[in-house]
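Please keep the structure at hand as you read.

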Amino acid sequence: MVRRFAHSRLAAVLVLCFALVACLWLSACGSNEPAQEASTQKGSSQASSSAAEDVQAPEEGVEDDAPLAFPTCWLAVDAEDIPAGVAVAVEYLPDLEITAHRGGVPVSDADMQAYRAEWDFEYEGLAVVSHEGRRVAVDPGVLLVNLPDVLDGAVFDVAYSYAATSNVAGMEIPGITGCHLNGYADGKQQNAYLGKEEFVVPCAYGTALKAREAAKVLSDQGYRLLVFDAYRPMAAQMQLSNAFEEAYYSDPAIQDAVFDWGTGWFVASGASGHNYGTDLDAGVCDSAGNPLPMPSSYDAFDETGCLTAYPVSAAEIMPDAYREEVIENQACMALHEAFTGAGFSELASEWWHFADDETESQMRAIVGDTGLDFVAE
């Protein structure tokens, strides 16, 4: 009886042990599933993080050690060892944020701060330019900046640099129409800052700031600024003036088309604001960059290109004096409202022409009345 009871107890213990082992095994199996799920979620999170890093990575082909590129500018006068008219890099401007690029891609703010932390000179209120290892601080009023580098969203088409469109009532001007004018870079050039080919468009710094204001007003209305010309070398100015004068006096048809205006209303015989980089010739594009119809083609030296119906000074130009073709052109009216609002004056004979008289006066005081004549490359 005792032995049978002992056997019964032993059997019960064995059954209990077996049940305990089974429970532990089942528990281990069940707890492994969440662990595997957590592991899977962790792997998914790492993949998402990696994908995010890939999105933020620099563009393919842009090396971290690629040289920094800055906007291009030109000095109107010599500054220490840097001569006037030579393309230099502008690394700092007091009223315009300058960020260096690598392969057309902006570097970080931290990189820019570290770069400027090495400067050991005072530059508050001044512009900082560099050329061939030489870095100097200059008055920003002596600078002409490259508009494509500082005018985001604008479209550029400098016909003078490849084939001028100047005409009189559709008639060509020999020596001008279809010609590459003297002193202009040959069409689009490789732009290291933008990382693409673009026209070279020097513009006085003060004028560039006002152009940015006008471009912003146009952008808010769904337009994009179209720039035809800014700085014009004196060599090109004289080429235009001489050829137009010769065509006018030798062709009665051109005389009839110009009528009461005379050649001086379309092409100055001496230095104008263009020759200081303070005048802009401009049009309007849609948001996709397509030029919009204007009252005439650009550089139409006849009444179709005129802003007003008769010659009047800039001070006398009022919107109610505009030609009907101008008033009825919504994009052209937006262009004039934007530019006059930014401080530019108008020219009665050209709907596309805008003058920054304030900055022109400052530039004339710096370089004299002969204008500038460097080749911008």
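## The largest pocket

By class, the lining of the largest pocket splits into 11 nonpolar, seven polar and eight charged residues. Keep in mind, as you look around, that this is a predicted model. The space in this largest pocket comes to about 330 Å³. Its lining counts 26 residues, and those closest to the centre are Ala268, Ser272, Asp279, Leu347 and His353.

Which elements give two or more residues to this lining? They are the helices α5 (234–250) and α9 (357–367), together with the strands β15 (279–285), β16 (345–347) and β17 (350–355). The most comes from β17, which supplies four residues.

Rolling a probe the size of a water molecule over the atoms shows where empty space is left. The volume of the largest cavity is about 90 Å³.

Which residues lie nearest the centre of that cavity? Of the 14 residues in the lining, they are Tyr184, Val200, Val201, Pro202 and Tyr231. Sorted by class, the cavity lining has 10 nonpolar, three polar and one charged residues.

## A pair of packed helices

Two packed helices are described by the angle between their axes and the distance between the axes. For helix α4 (residues 205–220) and helix α8 (residues 330–341), the angle is about 140° and the axes are 8 Å apart. Why is α4 called oblique to α8? Angles over 145 degrees count as roughly antiparallel and those from 65 to 115 as roughly perpendicular, so the pair, at about 140°, is oblique.

The crossing of α4 past α8 is right-handed. On the α4 side, the contact is made by Ala214, Val217 and Leu218, and on the α8 side by Ala334, Leu335, Ala338 and Phe339. By class, this contact of α4 with α8 holds seven nonpolar residues, with no polar and no charged ones.

## Two positive phi angles

Ala169 is not a glycine, yet it has a positive phi of about 50°. You will find Ala169 in the loop between β9 (167–168) and β10 (171–172).

Where does Phe259 lie? Phe259 is in the loop between α6 (252–258) and β15. Phi of Phe259 is also positive, near 55°, in a residue other than glycine.

Terms used. Residues are numbered from 1 along each chain as its sequence is written. This is a predicted model: local features need pLDDT of at least 70, side-chain atom pairs count only at pLDDT 80 or more; totals for chains, interfaces and linings use all residues. Side-chain values use heavy atoms; hydrogens and water are left out. Axes are lines fitted to C-alpha atoms, for helices over the stretch in contact, and angles run from 0 to 180 degrees between N-to-C directions. Angles under 35 degrees count as roughly parallel, over 145 as roughly antiparallel, 65 to 115 as roughly perpendicular and the rest as oblique. A crossing is left-handed if the near helix is turned anticlockwise from the far one by less than a right angle, and right-handed if clockwise. Contact means heavy atoms within 4.5 Å. Ala, Val, Leu, Ile, Met, Phe, Trp, Tyr, Cys and Pro count as nonpolar, Asp, Glu, Lys and Arg as charged, and the others, Gly among them, as polar. On a 1 Å grid over the protein atoms alone, a cavity is a set of points where a 1.4 Å probe fits but cannot get out, and a pocket is an open set with protein on both sides within 12 Å along at least five of seven lines; lining residues have an atom within 4 Å of a point. Grid points are joined across faces, edges and corners, and a volume is the space filled by probe spheres set on the points.
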